[in-house]
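Here are my notes on this one, as promised. Have a look at the model first, then go through the points below.

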Amino acid sequence: MYCVRKVTNDLYWVGANDHRLALFENCFPIPRGVSYNSYCLLDEKTVLFDTVDWSACRQLLENLAYVLDGRELDYLLVNHLEPDHAACIEEILLRHPKVKLISNEKAFMLMRQFGFHVDGHECIEVKEGDTFSFGKHTVTFVGAPMVHWPEAMVTLDVTDGVLFSADAFGTFGALDGKLFADEVDFERDWLDDARRYLTNIVGKYGPHIQLLLKKAGGVLDQIKYICPLHGPVWRKDLGWFIEKYDTWSRYAPETMSKVAMYDVSSTHVSQLISEAFKYSHIVLASVTYNLGIYPAMHDFLMDMKALNLQNRTFAIIENGSWAVKSGDLMQKFVNDELKNMTVLNERLSLASSMGTDKRTELEALADAILESMK
Ligand code: FEO
């Protein structure tokens, strides 16, 4: 059964929701599911913008057939080659033997590398700044390398101001009928997943996101809709969400006044990373374990390094019953492996238990954190 939503008069969402996948990229829990967004433009020519994950291929085909209503599919425009969006390219080629492909040089290389039989089809290679007309609608292409793969690009429909933004502005979470961000309470129900998506999937590539935002800045007044490959479509308050992306990709904290506490041994590291991007100060509290840092805390630190987190202030609490080592090791990791971090000199060092004799040390640590916020 088809399930589509109209985005504009000529544009339909023809993607799919996935509630069966437990771990996105086999890494990240997605208890609210995920959507694979694909869009179909009905102009003098018909155009499909990206496909979906293989697991959702049948849904895409049914949606596409409904929207095309007997028309041929003329073009398949590919902005991003990662398989959660590109896995159905081959199937579209098989079912629409006359379809022409539009993408860039790197993407065509990857299509061949994935074994898609694109060479029996007309392959139209585009580069940044090129324009292409489908009739009433003209699109232009903007490179978005490393947001999230090197071939990634975004496409702007200059006629209706629709930005097909690939992974940028995506979030975890299935749509379940609510296509637009203004149909949900995004800040309450989606923002944490949006941050967790960005920080864990493309957090490493903050400078590349900044470059894309800079390019988008030049045409911001033309953008009326943002159509990402995951999560809701934006048609209102675009600036609010763009500002969030700007904050996260500059590694700037969202808040200095709120406090949250997590047990690293029972909180998924993707959630810890999302929170680390949110807050300005991070207190690491770890026991000494096998004369090292507690493994879950070590994983968290390793992920901070992998995802390029920067510009935070750390305080350290250590514990151990015979060799209290974790504090020095965490401090060394933060100083040597992470960028632009500050570690406060005050440290709470515990031997087995927190006694009243440690009250002064604890208060000194708390005061130091407050002082560093001024
Ligand atoms: Fe959702 Fe980089 O793919």
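1. Start with helix 7 (residues 206-217) and helix 8 (residues 238-249): they pack at about 145 degrees, with axes 8 Å apart. Axes here are lines fitted to C-alpha atoms over the stretch in contact, and angles run from 0 to 180 degrees between N-to-C directions. Helices (H or I, at least four residues) and strands (E, at least two) are DSSP runs numbered from the N terminus.

2. Who touches whom? Helix 7 brings Gly206, Pro207, Ile209, Gln210 and Leu213, and helix 8 brings Ile242, Tyr245, Asp246 and Ser249; contact means heavy atoms within 4.5 Å. That splits into five nonpolar, three polar and one charged, where Ala, Val, Leu, Ile, Met, Phe, Trp, Tyr, Cys and Pro count as nonpolar, Asp, Glu, Lys and Arg as charged, and the others, Gly among them, as polar.

3. A word on the source: this is a predicted model, with local features needing pLDDT of at least 70 and side-chain atom pairs pLDDT 80 or more, while totals for chains, interfaces and linings use all residues. Residues are numbered from 1 along each chain as its sequence is written, and side-chain values use heavy atoms, leaving out hydrogens and water.

4. Now the sheet: five strands make an open, mixed one in the order 12-13-14-15-16. Strand 12 (131-133) and strand 16 (225-227) are the edges, each pairing on one side only; pairing takes at least two DSSP bridges between two strands. The twist averages 25 degrees from one strand to the next.

5. Strand 12 runs antiparallel to strand 13 (residues 138-143) over three bridges, and phenylalanine 132 stands opposite valine 139.
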